[in-house]
Amino acid sequence: MGTELTPWPISIAEKYQAEGIWAGVALGDILNNALATTPDKTALIDGDRAWTYQQLHERALQLAQGFLAQGFTAGDKVVVQLPNTGEFFEVIFALFKIGAVPVMALPGHRQLEITYFCQLSKAKAYIIPAQYDGFNYENLAAKVVLDSDVQNVFVVGDAQQFMPLFLLYLSEVDKALALPAVAASSLALLQLSGGTTNVPKLIPRSHDDYFYSVRQSNVVCELTESCIYLAALPVAHNFPLSSPGCLGVFYAGGTVVLAPNGSPDVAFALMKQHRITHTALVPPLIIAWLNAVKSHAHKDHADLTSLQVVQVGGAKLSEQIAQKIKPELGCALQQVFGMAEGLVNYTRLNDDEKTINTTQGKPMSPFDEVLVVDDYDNPVPLGESGHLLTRGPYTINGYFCAPEHNKTAFTADGFYRTGDIVRLTAAGYLQVEGRAKDQINRGGEKISAEEVENQLLAHPHILDAALVGISDDYLGERACAFIRLKDASEPLNLPKLKQFLRQRGLAEYKLPDRLELLDDFPHSYVGKVNKKELSLQLIKTLALETKKQG
């Protein structure tokens with residue numbers, strides 16, 4: 001596969017196989033345990049629709065054979081951009097079963113990102129909803145097809161321009177195509193990086209390493225068949241998909257309940273109806289939940305008595321918020337710090353409250369290796385902050401088709417440079433302090449400053465642009481665009497700027513939250529824009545605004 005999936009050194013791969021870390025099982029077989037023991041148990045709920053394990057398996061099998069009939073083969077890439085819907089799991093299990101590779105796009109991605117994913121992966125197909133959250137995805141697909149080599153677009157829902165997905169499901173009597181054998185060492189799926197340079201990198205995960213991540217997450221999180229999991233975050237995200245997420249619940253034989261979003265209005269109703277035991281949230285959502293349980297509007301309707309564990313990850317959770325979760329929601333908190341590239345850290349369910357509230361967990365596998373180093377890759381003393389490096393049985397050895405980037409993203413001895421600044425405690429737990437890379441973490445969604453700046457510079461009236469993060473109690477960070485105009489007499493405001501970026505195809509969550517117009521930018525000694533100084537200016541501006549309002 002060359003630059004698609006960078007392999008582990010042979011000796012290390014043989015060790016992982018001998019130790020049983022890599023089980024030699026493809027992800028298309030992840031339902032097999034439940035199929036053998038509880039085939040009639042409900043596996044998945046989406047609104048008023050439900051699938052037993054037998055039905056989910058059967059639907060995936062029908063679709064897999066439909067893909068084969070359409071000429072799809074092992075290794076074909078398929079960009080999957082579906083919201084939290086039952087068809088998402090039918091699609092990915094069908095692709096896993098034939099060795100095809102889903103590219104896990106998110107509902108919020110737009111033309112710029114989707115075209116890039118299709119071009120880089122050489123995607124054979126693109127799967128979309130007809131409409132979702134007021135957006136017409138078929139119109140988006142029409143633009144993507146013009147700018148890429150995508151041969152097929154399949155639509156979940158009322159298709160107007162492209163082929164409805166339901167036509168691919170072969171009926172019982174037509175199922176004559178044998179499924180191919182899928183090597184567990186082969187490429188299983190492509191996840192998305194946080195995107196620190198331009199659009200996100202594609203992260204190649206093998207069946208072996210991803211399945212191990214799911215299994216080990218289940219062990220650490222003590223997941224059993226009694227779990228009823230509310231999928232409140234977009235299920236294509238690595239966190240709600242595999243940490244342990246929906247795949248972990250399926251492997252354990254539990255039930256996944258899909259939510260269109262994680263707002264209290266939606267989530268609390270589903271929690272009461274289905275007696276949810278576990279869920280995963282990002283910090284802005286947990287704050288919204290905490291506010292909702294105290295509000296008059298939700299006081300008589302919120303029934304969280306079934307909730308046992310809420311995981312919080314995607315961005316750092318403040319200690320002040322962490323301390324409120326157990327007393328106010330009545331459930332255990334589990335902090336999660338992980339990355340789609342591999343390493344996942346969890347606080348343990350039996351940890352003391354201080355550890356749970358003040359750390360982001362420790363590596364889940366005894367085979368994970370972590371180093372905390374200075375700018376020159378020298379280990380820092382225990383308890384001091386530094387760059388986090390990691391390697392292990394489920395952490396990638398290279399990004400997809402990115403040989404030049406891989407030279408700097410990985411050390412010579414195979415450690416992945418995560419870009420995170422952390423402290424390591426004596427007990428082996430991580431305390432995350434921030435990002436070394438120029439990236440803004442807005443409510444768990446990673447925004448590349450460079451990507452947005454490049455789009456801003458395409459504006460005819462903008463001379464220079466810098467995107468800087470603003471500390472925010474709710475989202476963790478918001479984005480402020482500092483702009484130098486070519487002509488100060490040309491008016492530019494935030495709504496106009498956002499509209500321009502939307503027309504450029506930029507995802508909604510990447511749009512700046514604030515606009516600051518400057519005559520000039522501060523610069524470093526080597527001539528680069530001094531973003532630290534811009535941040536200090538912004539802090540002073542915000543302080544003055546707060547003082548005036550007070």
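**Close-up views of a predicted model**

**Figure 1. Helix 9 and its buried residues.** In helix 9, the buried residues are Gly245, Cys246, Leu247, Gly248, Val249, Phe250 and Ala252. This helix spans residues 245-252, and because 7 of its 8 residues are buried, it is largely enclosed by the rest of the structure. Gly253 follows helix 9 and has a positive phi, near 90°. As in every view shown here, the model is predicted.

Figure 2. A total of 120 residues make up the largest nonpolar core, and Phe89 and Phe250 have the most contacts inside it. Helix 4 (residues 86-98) supplies the largest share of this core, namely 9 residues. Apart from this core lies another, of 25 residues, which includes Leu5, Ile128, Val150 and Leu192. When neighbours within four places in sequence are left aside, Phe89 is in contact with Leu44, Leu56, Val235, Leu241, Cys246, Phe250 and Leu258. Of these partners of Phe89, Cys246 and Phe250 are also among the buried residues of helix 9.

**Figure 3. The largest cavity and its lining.** The structure contains 1 cavity of 30 Å³ or more. The space in the largest cavity amounts to about 70 Å³. Its lining consists of Cys221, Leu223, Tyr229, Pro244, Gly245, His278, Val309, Gln311 and Gln334. By residue type, this lining comprises 5 nonpolar residues, 4 polar residues and no charged ones. One of the lining residues, Gly245, is also a buried residue of helix 9.

Figure 4. The number of disulfides in the structure is 0. A disulfide is a covalent bond between the sulfur atoms of two cysteines. The cysteine sulfur closest to that of Cys227 belongs to Cys246 and lies 9.6 Å away, which means that the two are too far apart for a bond. Cys227 is buried, with a relative accessibility of 2%. Cys331 likewise takes part in no disulfide, and the nearest cysteine sulfur, in Cys227, is 13 Å from its own. Cys331 has a relative accessibility of 3% and therefore counts as buried.

**Figure 5. Helix 5 and the residue that follows.** Helix 5 covers residues 111-121, and its buried residues are Glu113, Ile114, Thr115, Phe117, Cys118 and Ser121. After helix 5 comes Lys122, for which phi is positive, near 55°.

**Figure 6. Cys480 in strand 26.** Cys480 belongs to strand 26, which runs over residues 476-485. With a relative accessible area of 0%, Cys480 is buried. Residues up to four places away in sequence not being counted, Cys480 touches Ala466, Leu467, Val468, Ile470, Arg514, Glu516 and Leu538. The C-alpha atoms of Cys480 and Leu538 are 8.7 Å apart in space, although 58 residues separate the two in sequence.

**Figure 7. Phe482 in strand 26.** Phe482 is also part of strand 26. Its relative accessibility is 2%, so Phe482 counts as buried. From C-alpha to C-alpha, Phe482 and Leu515 are 6.1 Å apart in space, while they stand 33 residues apart in sequence.

Definitions and conventions: Residues are numbered from 1 along each chain as its sequence is written. This is a predicted model: local features need pLDDT of at least 70, side-chain atom pairs count only at pLDDT 80 or more; totals for chains, interfaces and linings use all residues. Side-chain values use heavy atoms; hydrogens and water are left out. Helices (H or I, at least four residues) and strands (E, at least two) are DSSP runs, numbered from the N terminus. Buried means under 20% relative accessible area, exposed over 50%, partly exposed in between (1.4 Å probe, protein chains only). Contact means heavy atoms within 4.5 Å. A nonpolar core is a set of buried Ala, Val, Leu, Ile, Met, Phe, Trp, Tyr and Cys residues joined through side-chain atoms within 4.5 Å. A disulfide is a pair of cysteine sulfur atoms within 2.5 Å. On a 1 Å grid over the protein atoms alone, a cavity is a set of points where a 1.4 Å probe fits but cannot get out, and a pocket is an open set with protein on both sides within 12 Å along at least five of seven lines; lining residues have an atom within 4 Å of a point. Grid points are joined across faces, edges and corners, and a volume is the space filled by probe spheres set on the points. Ala, Val, Leu, Ile, Met, Phe, Trp, Tyr, Cys and Pro count as nonpolar, Asp, Glu, Lys and Arg as charged, and the others, Gly among them, as polar.
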